Amino acid sequence: MLKHVPTGVVVKSQATRSRSQNRSIARRLLADKLEDVEKGPGSRTALKTEIKRKKKASKMKKARRKYRIHDEGGDQDSFALNADRTKREDPNAKEDAKVVA
């Protein structure tokens, strides 16, 4: 457990069994937290989380768009192909009569 006395920020790490490794991990975490306190939204971690949030929002938007197109029936070409397929599959469908003159 490491404590930054001026700010009172406390960091604890139990990632590994090694005390020295946990201490170095805690130092990195403490440095990141102090940067967050000092710089606020301009800190590296805040900027990284903002980038991740934007990427996730973009992915979700693409997924919604994809399923919206799928639910609406897609584009006109796929609609025409599906109509042709149903004509071939339905034996009771009326065929257009050809008039030979």
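At roughly what angle do the axes of H1 and helix H2 cross? The tour below works towards that crossing and examines it at the end.

**The whole chain**

Begin with the entire chain, bearing in mind that this is a predicted model. Coloured by pLDDT, the chain has a mean of 80, and 71% of its residues reach 70 or more. Next, select helix H3 (residues 76-89), which has the lowest mean pLDDT among the elements, at 52. Strand S2 (residues 9-11) stands at the other end of the scale with the highest mean, 95. Where pLDDT is low, the predicted coordinates should not be read in detail.

Switch to a cartoon view. The chain contains three helices and two strands, arranged from the N terminus in the order β-β-α-α-α. With the surface displayed, the accessible area comes to about 9600 Å², and carbon and sulfur atoms contribute 54% of this. Of the 101 residues, 8% count as buried. Among contacts with a separation of 6 or more, 21% are between residues 24 or more positions apart.

Select Val 10, which lies in strand S2. Val 10 is partly exposed, with a relative accessible area of 39%. Leaving aside residues up to four places away in sequence, Val 10 touches Met 1, Leu 2 and Lys 3.

Move on to Ser 13, in the loop between S2 and H1. Is Ser 13 buried or exposed? Its relative accessible area is 14%, so Ser 13 counts as buried, the cut-off being under 20%.

**Along helix H1**

Select Arg 27, which belongs to helix H1. With a relative accessibility of 52%, Arg 27 counts as exposed. A distance drawn from the C-alpha of Arg 27 to that of Lys 3 reads 9.6 Å, for two residues 24 apart in sequence.

Continue to Glu 35, also found in H1 (residues 19-39). Glu 35 is buried, with a relative accessible area of 14%. Which residues does Glu 35 touch, not counting those up to four places away in sequence? They are Gly 40, Ser 43 and Arg 44. For Arg 44, display the side chains of both partners: a polar contact of 3.4 Å joins Glu 35 and Arg 44.

**Where H1 meets H2**

Finally, select H1 together with helix H2 (residues 44-72) and draw their axes, which come within 8 Å and cross at roughly 85 degrees. This value falls in the range of 65 to 115 degrees, and the two helices are therefore roughly perpendicular to each other. To see the residues at this meeting, select Asp 32, Glu 35 and Asp 36 in H1 with Arg 44, Thr 45 and Ala 46 in H2. The pair visited at the previous stop, Glu 35 and Arg 44, is joined here through its side chains by the polar contact of 3.4 Å.

Terms used:
Residues are numbered from 1 along each chain as its sequence is written. Side-chain values use heavy atoms; hydrogens and water are left out. Helices (H or I, at least four residues) and strands (E, at least two) are DSSP runs, numbered from the N terminus. Buried means under 20% relative accessible area, exposed over 50%, partly exposed in between (1.4 Å probe, protein chains only). A polar contact is a pair of N or O atoms within 3.5 Å; within protein, one must be able to donate a hydrogen and the other to accept it, and residues adjacent in sequence count only if both atoms are side-chain atoms. Contact means heavy atoms within 4.5 Å. pLDDT is the predictor's confidence in each residue, from 0 to 100. Accessible areas come from the Shrake-Rupley method with a 1.4 Å probe; for residues, only the protein chains shown count as cover. Axes are lines fitted to C-alpha atoms, for helices over the stretch in contact, and angles run from 0 to 180 degrees between N-to-C directions. Angles under 35 degrees count as roughly parallel, over 145 as roughly antiparallel, 65 to 115 as roughly perpendicular and the rest as oblique.
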